[in-house]
Structure formats: C-alpha cells, structure tokens
Amino acid sequence: MAQLKEKMGDFSKDQTVDISDIVSKPKKPTILKILECTEECRVLERNRRLAIGLQIRNPDLSQKLTPKYTDFLRQWAKKDPHFCQKIHDKLTELPSKANKKSRSHSFESMNRDKRHFIHEYCEHFGVESAAYDMEPNRNVVATAVRDKSWMPSMSLLEVIQRENGQRRVPGPAVLSKSISSKSETVTLKLPGQSQRQ
C-alpha cells in the first residue's frame, strides 16, 4: 500500500507511472504450515480413532446434541432448581400437546430475571415467548407451533448434573406399609418392576 501511495503521488504530477511491479501477484509459498494440535484436537482425534475401532458412524453426535445453555441459565439452575424444573415441565408439555396448529401457556406474573430465564429457555424448545401486561403484573406467554417446536436432547438440570458428575437415577421408589396384628410388612415397589418384600 505504501508503494501504491508513492506511485499515486507521481501520477498526480502528470508523470508516467509503472505499476506492473505492484500489480503482479507474489507467488504463494509451496510449503503448507501445519497447525499445532491442541488438547481439543487430541480429544477429537482420539474419538475419531475409537469410533473407527468400535465402528461407530457418528462419534461427534453426542457432543452436537448437548444443548449449549448460557451462563445465565446455568446460574439459575444451581440457584433455584425447583423453579427450573417447573418451567421445564411446562415447556415440555407444549410441543407434545401442540396437536392443533399451536398451543400456548401463560406463566404467572414474575420478576424480570425469571421472565428472562423463560425467554432464554424457550429458545431451546423452539417455542416463541412474549411478555404481556405492565409491571408488577408482567407475565410471559409461551407458544409452541406444530412442526416448529422440539424437545432439547437434555434438560438444563440434566446438563448441570452431568457436569457435576451425577448420574441420572430412576424415579423414587414407592413404599407401602401394611400392619397386621402380629407382624409388619414393608413393600418396596420400583417403577416397572414387580413387588419385593
């Protein structure tokens, strides 16, 4: 660019300017540079080799299916998991019950941060969200449109549990207690299994 500027200065003085040396393209180097392999690169290469050895067709599929939840959502999940689960349950119902063109749910009035949480979480379901009314009665209405809404592969709480090293456990067992005149029997019933005494 400096050479071109100098040549343009000569051009303004009504002199002949030869710009062929500037216009001619420099030759590209024939040697390609190889980037250094990072830790992420090593993990991907290891996964690729394992996939070939185990005959797995799509080794990166599980990574791609894990939703990328924002730090804001993650903080809420750690701070108030009950609220997060309640919102997740409502949003889960919408796409599954959107048998007509669309289905909506109006959440109760809540503060700005909770509304923000719902708006962000709706994006992971493909659900449209809008806030209505004035403060302090402002609420969020979530609308699932058929064929445009989906279920995330993992809920926010499942991702947090996985990051903390917790495994998913089956639902709670139901204990029933029957007392006869001389003995006491406790029955443990697990979901999907026969009763054990």
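Let me start with one residue. Leaving out residues up to four places away in sequence, His 88 touches Tyr 121, Phe 125 and Ser 155. Keep in mind that this is a predicted model.

Where does His 88 lie? His 88 is part of helix 6. Is His 88 buried or exposed? Its relative accessibility is 13%, and buried means under 20%, so His 88 counts as buried.

Now take the partner, Tyr 121. With residues up to four places away in sequence again not counted, Tyr 121 touches Tyr 69, Leu 73, Ile 87, His 88, Leu 91, Ser 155 and Leu 156.

Next, the core. The largest nonpolar core has 25 residues, and those that touch the most other members are Leu 91, Phe 117, Tyr 121 and Leu 156. Which elements supply at least two residues each? They are helix 5 (71-79), helix 6 (81-96), helix 7 (112-123), strand 3 and helix 8 (156-163). Helix 6 gives the most, with five residues. As a general point, nonpolar side chains in soluble globular proteins tend to be buried together.

Last, strand 3. Strand 3 covers residues 139-145 and pairs with strand 2, residues 128-132, in the antiparallel sense. How many bridges join this pair? There are five. In strand 3, Asn 139 stands opposite Tyr 132. The hairpin of these strands has six residues between them, and Asp 133 takes a positive phi there, near 70 degrees.

Notes. Residues numbered from 1 in each chain as written. Predicted model: local features only at pLDDT ≥ 70, side-chain atom pairs only at ≥ 80, totals over all residues. Heavy atoms only, no water. Pairing = 2+ DSSP bridges. Helix = DSSP H or I, 4+ residues; strand = E, 2+ residues; numbered from the N terminus. Core = buried A, V, L, I, M, F, W, Y, C linked by side-chain atoms within 4.5 Å. Buried < 20%, exposed > 50% of the residue type's maximum accessible area, 1.4 Å probe, protein only. Contact = heavy atoms within 4.5 Å.
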